[in-house]
Amino acid sequence: MGKKASLALLALVVWGLQGTPTLAENSQPDGGAQQVLPAITPPKAQFGANIGDDYFLANYTQFMQYWAKLDRESDRMKVVEIGKTAEGRPQLMAIVTSPENHKKLDRYKEIARRLALSEGLTDEEAHALAKEGKAVVWIDGGLHASEVLGAHQLMEMTYQLVSRTDPETMRFLDDVIILLVHANPDGQELVSNWYMRKEDKTKRSYSDLPRLYQKYIGHDNNRDSYMNTQPETANMSRVLYREWFPQIMYNHHQTGPAGTVMFAPPFRDPFNYVFDPLIPLELDLVGAAMHGRMAAEGKPGTTMTEGASFSTWWNGGLRTTAYFHNIVGLLTETIGSPTPIEIPFLPERQLANSTLPFPIAPQAWHFRQSIDYSITANRAVLDIASKHREDFLYNIYQMGRNAIQHGSEDHWTNYPSRIDALKALIAREEPEISERERYFRGYPTKYYQLLRNPRLRDPRGYILPADQPDFLTATKFINTLIKSGVTVEQAKSTFTVAGKSYPAGSFVVKTAQAFRPHVLDMFEPQDHPNDIPYPGGPPKAPYDNAGWTLAYQMGISFDRILNGFDGPFVKLEGEVTPPVGRVAALPAGGAGYLLSHAMNDSFVAINRLLAAQQQVYWLKEPLSTNGKTYPTGTFFIPARAATKPILQKLTQELGLSFEATASRPTGEALKLRPLRIGLWDRYGGSIPSGWTRWIFEQYGFPFEVVYPQALDAGGLEHKYDALVFVDGAIPRRDRAERADDDFERTPQPEEIPAEYRSSLGSVTVAKTVPQLRNFVEGGGTIITIGSSTNLAYHLKLPIANALVERSSQGTEKPLPKEKFYVPGSILQAGVDTSNPLASGLPGRVDLFFNNSPVFRLLPNAELQGVRPVAWFASDRPLRSGWAWGQNYLQDGVAAVEAQVGKGKLFLFGPEIVNRAQPHGTFKFLFNGLYYGTAQAVKLEAKG
């Protein structure tokens, strides 16, 4: 008898001696029978239904109650709260392992940390720790709450792990520490309650949800994992990258590709070039185990690689960010619904191949079958983690060690654009080399040396100077890194690197650390390959964004340091707060205070001051005082009795500083007024609107959510000064004219509770646009982003689509995907900084662009009050990502100011607030709100 079997038997004997009932047969819902501990409450006894029964969903309240009961009943399980959710619920994690492992949990946690960070260890010490340690495996559920399988398989999996006594389960518990994590408690409560609200179970549905299933960002809660804006994301990132450091994490999703049951790894190309090669290789290993177990258990219908669109290129999702931390990140997409469904017949899915080795026949499908597939996938992961425990523990150390080594010496990462340029050079210089010769002999190695140009080395680190214009936003950027486990240092005093002096307080991020891939990914441009299936064919869409370099998006000033360096640096042990600012002493009889326009947080100050009935002016001319010149756009705050205490609080909370001026500024200015903002939203919730709502709350903008019915009712000028329409709000044509009507169905009023009926409806050209015209012509401000810039065409402004091709007959049509395609990337644009809409911005700005609208101004546009504010000044504006046919962008306009009657309309084609990441372009939105509503005045010195 093997050692592990002996331990399992010994455990059973001990339980028996303690007087606990030993074994009982439990009939499983899938028809099998397992040995289980009868003291553990099965789901049916708790819920009155088995997990996976047709027409049944449990909500999060019930989930918590069940986990609490299992925690009391089992010594294999410990439930911990990892933080609160956006709606204030506890977010729970269950730690499941053997009772013996629970006694040494802190030790195993420390081993996982030391191996993952790879610091101060020899290979021999790492091997010893891997031998001693336990594999740590994360399994989550419920992230996308309408994908109800995730949370429910989590409940079933927990029950099986704490109740089953078969040898395999006992081995799992002995070898593995399993972290079972609920990823979106608020969402489960909403979705399950919505589904179960109807007594007639055949009419139950979780479609037509009335709002987003995460308070602000809905489905984008899987797009937040390097930004960590939402509490649920920050909670999970802390566990993953700062506390437990699992070697494998498994992220459950729904639904699988049509004609199959599940997608599971391996993933399709491309994978990202900055992470360790062990990541895709271990992904393939674990994926093979998942597919092999499905086949062994007679569970057909699992596809992989090109069977779906999922890749490992992108950073930002719950499982994808893991790759940049040397963690094997798994994703499955599985069909299923508590309301029975059908697997459709697709002929191409019936032919076995490398992407679908075991096809499934079309058939009726029940939720319990999906639960069983999920459990099989979970057990496959735990099985390989158990059998290869030491390998996974040692390999995460190896990847971290490799990262530290690469960050400590000259190292080069090869990118597609470099390879393409090299191939073009070879084609010019070596035209006589035939394809056959190339295949067998390759090219002269002198060309390889070009890839080792010293200027192309990866940086040894990055320095963020403390004297940059918006150091407060740079501090926010640093905190996103720290939340993701990145090591950051800060200078205690001035220092010099590469001949440049940096002030005390500057941040330093070195690449000689285990999470180097994540560091590079946040600072360096992404270089997505030209993924074209055949010459002249359409580009193959990436799974999500192609480029996202966060330092670019946030407008951070930093220096790339190519050689090793050091200085008076101290490691930051946690998130950093900016240093306290100062309110300069106001001389007797002084006029007031000055605030820089370059800082996003200045708008927090403005909003608080106006709410406190203080005055704020936006200077339209430079101001010379205090021996220096303050630029156009500087804010002037007249001194009143209540002013200084407000400013002092802002210095404490935000780190803002206020200069004093003895004399009152003179000349043209804008007097800012308290805002009444209307932010468009719709029934079910708009994700871009939710993100904007979150941003408004962070910066203290007063706003109301406004739905189409309220817009159509008119009288908007009595309620709002400014209206904001994010991407997806204003259509080009009304629904009756479009072919995609089926995808925009909203429920009938009688189908939903009365409290949600006022949010029904859509913005229409026929009914809503005339009200918007009245609003803006009467003096209101409208800000439009992305597709909502359609409003400009409805108002007959002198603009046109810049991304068109013209036929010989003079007709125009949009550029086809084969000629122009820019998916989720960062482009650089020139900016008219003399325009108040761009105040506080540099002359060039990085824009997040996702096949966004681009404009061409028609002749005499400026005479009609339509002016460009930002434009693409180059035929190669790509900064990070992928831009196929980017030459078409040259001279295209990205941002427009239009005078419409007495009001203003602002058009932003690119996503200036996308996912709350591009802090570098937030000022376009913030400026637009105040510039459009401000009162033009002329300041005069007081006599």
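**View 1. The lining of the largest cavity has six nonpolar, two polar and three charged residues.** Here Ala, Val, Leu, Ile, Met, Phe, Trp, Tyr, Cys and Pro count as nonpolar, Asp, Glu, Lys and Arg as charged, and the others, Gly among them, as polar. This is a predicted model, in which local features need pLDDT of at least 70 and side-chain atom pairs pLDDT 80 or more, while totals for chains, interfaces and linings use all residues. Residues are numbered from 1 along each chain as its sequence is written, and side-chain values use heavy atoms, without hydrogens and water. Among the lining residues you can find W313, Y415 and D521. A cavity is a set of points on a 1 Å grid over the protein atoms alone where a 1.4 Å probe fits but cannot get out, and lining residues have an atom within 4 Å of a point. The space inside is about 70 Å³, taken as the space filled by probe spheres set on the points.

**View 2. The second largest cavity holds about 40 Å³ of space.** Look for its lining residues, including G142, H152 and Q188. Helix α9 (185-196) and helix α7 each give two or more residues to this lining, and α9 gives the most, with three. Helices here are DSSP runs (H or I, at least four residues), numbered from the N terminus.

**View 3. Helix α3 (residues 60-73) packs against helix α7 (residues 149-163) at an angle of about 10 degrees, with axes 11 Å apart.** That makes α3 roughly parallel to α7, a label for angles under 35 degrees. Axes are lines fitted to C-alpha atoms over the stretch in contact, and angles run from 0 to 180 degrees between N-to-C directions. Among the residues that meet are F63 and W67 in α3, and L154 and Y159 in α7; contact means heavy atoms within 4.5 Å.

Definitions and conventions: Parallel < 35°, antiparallel > 145°, perpendicular 65-115°, else oblique. 1 Å grid on protein atoms, 1.4 Å probe; cavity = no way out; pocket = protein on both sides within 12 Å on 5 of 7 lines; lining within 4 Å.
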